[in-house]
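Here are my notes on this model, point by point. Please read them with the structure open.

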Amino acid sequence: MNGVFRGVAHPWLCDVMGHMTTRHYVAMFDDASYHFLYEVFGWTGREAAAGGLGWADVHHEIDYKAEVAAGDLLAVDAAVERVGTKSLTVRFEMRNLSKATVAAVLTSTAVCFDMSERKAAAIPDDWRKAAEAALKRA
C-alpha cells in the first residue's frame with residue numbers, strides 16, 4: 001500500500017549530528033502502522049478501547065538505508081509479507097522524497113490481541129481474508 005504515512009523530519013526530531021534519531025523513525029513507523037491497519041481492516045483502535053481486538057507488536061527489525069536530515073520529506077509504504085493464525089508480518093518502507101532514496105525498512109510482526117483476555121487471539125476470518133488479499137497485491 002502506497003502512502004500509509006507522510007511526515008517531515010523537523011529539526012527537533014534530529015540529534016546533535018543533524019540526522020533524525022531512532023526514536024522518531026519508530027514513531028513514524030508506528031503512526032504508519034495505524035493507517036495500514038485502517039486501510040486493510042478498517043481497524044481504528046476503537047475496538048481495542050472497547051475491550052475487543054487489537055494488535056500487539058512482538059518483533060521489529062529495522063534496516064537504516066540512508067540518512068534523513070532536517071527538512072526531508074518522508075513517505076511510508078506498507079505490504080503484507082505473511083499472514084499467520086494469530087500474527088501478521090508487514091514490511092514498511094520509509095522513502096525520503098527529498099532525496100529519492102529509501103531511508104529505512106521496518107519488518108514488523110504483530111499478533112491479534114484480545115484486549116479482555118490480554119492474550120493473542122486468532123485473526124478473525126474477515127480480517128484474514130482482507131490480509132490475504134493485501135498479501136496477493138504486494
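1. Aromatic pairs. Rings of Phe, Tyr and Trp (its six-membered ring) pair if their centres lie within 6.5 Å; planes under 30 degrees apart count as stacked, over 60 as edge-to-face, and the rest as tilted. By this rule there are 7 aromatic pairs. In one of them, the ring centres of Phe29 and Phe92 are 6.4 Å apart and the planes lie at 55°, so this pair is tilted. Phe29 sits in helix H1 and Phe92 in strand E4, 63 residues apart, so the pair links distant parts of the chain. Ring pairs also join Phe29, Phe36 and Phe92 into a cluster.

2. Basis. This is a predicted model: local features need pLDDT of at least 70, side-chain atom pairs count only at pLDDT 80 or more, and totals for chains, interfaces and linings use all residues. Residues are numbered from 1 along each chain as its sequence is written, and side-chain values use heavy atoms, with hydrogens and water left out.

3. Buried means under 20% relative accessible area, exposed over 50%, and partly exposed in between (1.4 Å probe, protein chains only). Phe29 counts as buried at 2% relative accessibility. Phe92 is buried too, with a relative accessible area of 2%.

4. Nonpolar core. A nonpolar core is a set of buried Ala, Val, Leu, Ile, Met, Phe, Trp, Tyr and Cys residues joined through side-chain atoms within 4.5 Å. The largest one has 35 residues. Met20, Phe36, Phe41, Trp55, Leu88, Phe92 and Met94 touch the most other members. Two or more residues come from each of H1 (22-41), E3 (73-83), E4 (87-96), E5 (101-114) and H3 (125-137). H1 gives the largest share, 8 residues. Helices (H or I, at least four residues) and strands (E, at least two) are DSSP runs, numbered from the N terminus.

5. Trp55. What does Trp55 contact, leaving aside its neighbours within four places in sequence? Contact means heavy atoms within 4.5 Å. The partners of Trp55 include Leu37, Phe41, Trp43, Leu88, Cys112 and Trp127.

6. Strand pairing. Two strands pair if DSSP finds at least two bridges between them. E1 (residues 5-8) pairs antiparallel with E3 over 4 bridges. Phe5 has Val76 in E3 as its bridge partner. E3 and E4 also run antiparallel, joined by 9 bridges. A hairpin through 3 residues connects E3 to E4, and Leu74 stands opposite Asn96 in E4.

7. Cysteines. A disulfide is a pair of cysteine sulfur atoms within 2.5 Å. The whole structure has 0 disulfides. Cys14 counts as buried at 16% relative accessibility. Cys112 is buried at 0%.
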